[in-house]
Amino acid sequence: MEQTSVLQVEDLSGGYSLGKPVLHNIQFDVQPGEMVGLIGLNGAGKSTTMKHILGLMTPHKGEILVQGRTRDEEAQAYQSSLAFVPESPLLYEELTVREHLEFTARAYGVKPEDYAQRSERLLKLFHMTEKADSLSMHLSKGMKQKVMIMSAFVARPPLYIIDEPFLGLDPLGIRSLLDFMLEMKSEGASILLSSHILSTIENYCDRFVVLHRGAVIAQGTLAEVAEQAKLPGAALEDIFYELVKGGV
Ligand SMILES: Nc1ncnc2c1ncn2[C@@H]1O[C@H](COP(=O)(O)OP(=O)(O)OP(=O)(O)O)[C@@H](O)[C@H]1O
């Protein structure tokens, strides 16, 4: 029997106004236990694609399925199957770090004993135990980003949508995040990750989707996108440059 994709983006066209689509016939999927890197220049359409997946925008054409369901079919099941880490942290200034984690855990129906164990582990892993009871308005930029990341991981949904998470994180934070994503993957979770730090994600993602001017211009494993760029054996950065340089 064929495995159901955790995320399926089917012929998606969309954008901010009907007459001016930003995304053109986007097609890709993410399988259970897979980390897929969504890469593209500034303005290529990565965040817009993510906003459609999150249900914040309505497709002009095509559909998006999470675990085989569209958001219209079952909004609550769709929404609770995914967690999002945005590019810039969005926190409640007057909640503490721990309160943010508790709030997310409740929203996702995490059992109290699982919450206790996961939150302590995440606080330790991201070197945030000392700040657990600080208000978010008193945190540094990188610490705020860590709260967003920990909130997503405390929920443990089947799908993570992670938009450029490394900016603002220190090298220890980047390493903790990468290691934790690998752990979640090994437990069967799926991750769609966008980043410009190609040398970092090159070794972590199973596959890549290359977006350019709102369209997918290449996708596959590193070897497959290298083949599509006619640069077998090359590094992701060189492959990417080769693929986009003609159309900039
Ligand atoms: N709120 C908005 N209203 C109208 N157009 C927008 C809006 N946000 C983005 N766009 C446009 O949509 C296109 C895709 O932008 P998007 O934010 O998806 O790019 P991105 O690949 O995430 O870029 P970056 O790497 O800079 O984050 C761009 O042309 C951008 O100008």
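Which residue in β7 does Gly 37 stand opposite? I looked it up first: Gly 37 stands opposite Leu 193.

**Ground rules**

I am working from a predicted model, in which local features need pLDDT of at least 70, side-chain atom pairs count only at pLDDT 80 or more, and totals for chains, interfaces and linings use all residues. Residues are numbered from 1 along each chain as its sequence is written. I take helices (H or I, at least four residues) and strands (E, at least two) as DSSP runs, numbered from the N terminus. I call two strands paired if DSSP finds at least two bridges between them.

**Entry: strand β3**

β3 and β7 pair in the parallel sense over four bridges. I found four bridges between β3 and β8 as well, again in the parallel sense. Val 36 has Arg 207 of β8 as its bridge partner.

I then checked burial (buried means 20 or more other C-beta atoms within 10 Å of the residue's own, exposed means 12 or fewer, partly exposed lies in between, and C-beta atoms are placed from the backbone). Five of the five residues of β3 are buried, so the strand is largely enclosed by the rest of the structure. Met 35, Gly 37 and Ile 39 point one way from β3, while Val 36 and Leu 38 point the other way.

**Entry: the sheet around β3**

I traced an open sheet of six strands in the order β5-β6-β7-β3-β8-β9, with mixed pairing. β5 (82-85) and β9 stand at the edges with a single partner strand each, so one side of each is left without a neighbour in the sheet. The twist averages 15° from one strand to the next (axes are lines fitted to C-alpha atoms, for helices over the stretch in contact, and angles run from 0 to 180 degrees between N-to-C directions).

Leu 82 stands opposite Leu 159, and Val 85 stands opposite Ile 162. α1 packs on this sheet and touches β3, β5, β6, β7 (190-194) and β8. The direction of α1 makes about 150° with that of β6. For touching I use contact, which needs C-beta atoms, placed from the backbone, within 7 Å.

Which way do the residues of β5 point? I find Leu 82 and Phe 84 on one side and Ala 83 and Val 85 on the other, all of them buried. Helix α5 (residues 141-155) lies across β5 and β6, running at about 170° to β5.

**Entry: the three-stranded sheet**

I found an open sheet of three strands in the order β2-β1-β4, with antiparallel pairing. β2 (23-30) and β4 (61-66) are at the edges with a single partner strand each, so one side of each is left without a neighbour in the sheet. Neighbouring strands here are turned by 15° against each other on average, direction ignored.

Strand β1 (residues 7-14) is joined to β4 by five bridges. Leu 7 stands opposite Val 66 in β4. Helix α1 (residues 46-54) lies across β1, β2 and β4, at about 115° to β1.

**Entry: helix α9**

I listed the buried residues of α9 (residues 236-244): Leu 236, Ile 239, Phe 240, Leu 243 and Val 244. They cover an arc of only 115° around the axis, which puts them on the same side of α9. The arc is that of the directions from the helix axis to the C-beta atoms. What covers these residues includes β3 (35-39), α7 (198-201), β8 (207-212), β9 (215-220) and α8 (222-228).

**Entry: the two domains**

I took the bounds from an automatic or database domain assignment. That assignment gives domain 1 (7-81 + 158-247) and domain 2 (94-156). Their C-alpha centres lie 25 Å apart.

How many residues of domain 1 are in contact with domain 2? I get eleven, against eleven residues of domain 2. Helix α6 (residues 171-186) gives the most to the domain 1 side, with five residues. That side divides into six nonpolar, four polar and one charged (Ala, Val, Leu, Ile, Met, Phe, Trp, Tyr, Cys and Pro count as nonpolar, Asp, Glu, Lys and Arg as charged, and the others, Gly among them, as polar).

**Entry: Glu 164**

I located Glu 164 in the loop between β6 and α6. Glu 164 is partly exposed, with 19 other C-beta atoms within 10 Å. Not counting residues up to four places away in sequence, Glu 164 touches Glu 87, Ser 194, Ser 195 and His 196.

Key:
Contact = placed C-beta atoms within 7 Å.
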